[in-house]
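Please open the structure in your viewer and keep the selection tool at hand.

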2 protein chains.
Amino acid sequence: MAKKDQTIQTSPHLQIMVNTPLFKGLSVDVLTAVLNQAQYYNFSSQSFIFHQYDKAENIYVILKGQVCLSQTTSAGKQVIINMFGAGDNMAILSVFDKAIYPLTAEAVTDCLLLGWSSQTMQQLMEQYPRIALNTLKFITSRFVELQDRYRELATKRVEQRIAHALLRLSQKHGQSTSDGIFLKLPNSRQMIAEMTGTTLYTVSRTCRQWEELGLIQSGREQVTILNPVSLSAIAQELPQI
Amino acid sequence: MAKKDQTIQTSPHLQIMVNTPLFKGLSVDVLTAVLNQAQYYNFSSQSFIFHQYDKAENIYVILKGQVCLSQTTSAGKQVIINMFGAGDNMAILSVFDKAIYPLTAEAVTDCLLLGWSSQTMQQLMEQYPRIALNTLKFITSRFVELQDRYRELATKRVEQRIAHALLRLSQKHGQSTSDGIFLKLPNSRQMIAEMTGTTLYTVSRTCRQWEELGLIQSGREQVTILNPVSLSAIAQELPQI
DNA sequence: CGAGCTCTTGAAAACCTTCAAAAACAGTGG
DNA sequence: CCACTGTTTTTGAAGGTTTTCAAGAGCTCG
């Protein structure tokens, strides 16, 4: 699935590298050194970047495309832990020896990634401690985020969780249009269900209801958020505006 | 609440320091240097070590006692994220400037902690990069753990989650007795409920049922696990043994 | 021995899932 | 262009799980 490709022009991607959490604050020289050690990877839509339980070999930065990170339970249910996009770092734990991917990464769209092997990244971190500290800071913030979502899952009702998930998705992956924020998601009801710990039926009913109220406009594999403010009010269970 | 105390004999605690994730693999010299920068803190049972939203100032190692980490929702519900004990590290994110505690830490029993200020730990990490790498490894493993619990919350029924919570607690905080593994928990039904995202009523019913089946023996503020194997089968929804 | 917790229990209600089936849609090939 | 196919979404009805509310029982400690 993955095709290595060394001939891609780096200039448009440099901007992403400069801003990605792992490499923030590095000098151009260091950044160039880091880039020289990287390999480009292409993954086509719906292909797998890595599988849960595989030996963790690479650490990635996403340059282009959208990646879905999910876990599968022993009973076969899927849970989507996160959706990543351009600029996001992935598979941090690969820097540790004998690490195992704790989840599966699937390309939702065609993706272009930059990757470093375990050993390469270990060396880079030793050579440039700033990278290690950046990584620590990044993973800590991800940890805090996940804690918040854990609490949400433990305390909020399905409707609120769906609202929240839509808002999070729209912030990260949405495109502003004249109507509102447009979201393209393959198999959207199913996906939203797996992000919020519910079923596609409940998501469908909830979205339908919101469509009736004019909060969203939804169709096959896409949702447009027309009224983020009301949606946010639902997410927090505030009295409706 | 906190009383600083510099006169405590370090010998019995040194063993804990050597094995705590943050300081694993450090030479005795380095460990001594690290210890010299630390301060001892005493917290009595039920006192707060820090509050959610406070400025994060200290990073801790627990030497003695049990600490409950919880978040409070805007609606006032509590969610217990973790229970820590001797040897555990706490409030890692304090090493970052302007960090805010994302949760509240309450001493469940009388506690003795070792603490370092933000700046001190930053300096230590710069001076001994091994500490930074240890921290990265530690927080990564905590992250992976939390992901697993997130999935559990999203996919499993209450009964299974309670079983899992009891098993986790017993592993970490239980005492082996002739009958089974004994767990002391103040306000146990309520606490278990807050750990599993359910209500104390449901926990009570579930525990009662397990007691009838002879899997546990439960009383006021305590639970003894008599049959961890069956409990584990319930947690995984296996056919009963 | 009474006050205040903690825990249990029952009944009703709310919430959500499951199952089944139909409708809507996109893409394909004739 | 249209019928056909497979996928995605919607909808209804039934059922299961869990919460909520209310009240009582049991323990502990001053």
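Predicted model: local features only at pLDDT ≥ 70, side-chain atom pairs only at ≥ 80, totals over all residues.

Residues are numbered from 1 along each chain as its sequence is written, chains are lettered from A and ligands numbered from 1 in the order in which they are written, and side-chain values use heavy atoms, with hydrogens and water left out.

**Stop 1: the interface**

Select chain A and chain B together. In this pair, 34 residues of chain B are in contact with 34 residues of chain A; contact means heavy atoms within 4.5 Å. The two chains bury about 3600 Å² between them, 74% of it on carbon and sulfur atoms. Buried area is the accessible area (1.4 Å probe) that two parts lose on being put together, summed over both.

Now select α4 (129-155) of chain B. On the side of chain B that touches chain A, α4(B) supplies the largest share, 19 residues. Helices here are DSSP runs of H or I with at least four residues, and strands are runs of E with at least two, numbered from the N terminus. The residues on this side of chain B divide into 19 nonpolar, nine polar and six charged. In this scheme, Ala, Val, Leu, Ile, Met, Phe, Trp, Tyr, Cys and Pro count as nonpolar, Asp, Glu, Lys and Arg as charged, and the others, Gly among them, as polar.

**Stop 2: α3 and α4 of chain A**

Select residues 118-127 and 129-155 of chain A. These helices, α3(A) and α4(A), pack at an angle of about 105°, with their axes 4 Å apart. Axes are lines fitted to C-alpha atoms, for helices over the stretch in contact, and angles run from 0 to 180 degrees between N-to-C directions. α3(A) and α4(A) are therefore roughly perpendicular to each other, a label for angles of 65 to 115 degrees. Among the residues making the contact are A:Met121 of α3(A) and A:Ile131 of α4(A).

**Stop 3: a salt bridge**

Select A:Glu152 and A:Arg168, whose side chains meet in a salt bridge (3.8 Å, N to O). A salt bridge is a side-chain nitrogen of Lys or Arg within 4 Å of a carboxyl oxygen of Asp or Glu. A:Glu152 lies in α4 of chain A and A:Arg168 in α5 (residues 158-173) of chain A, 16 residues apart.

Terms used: Parallel < 35°, antiparallel > 145°, perpendicular 65-115°, else oblique.
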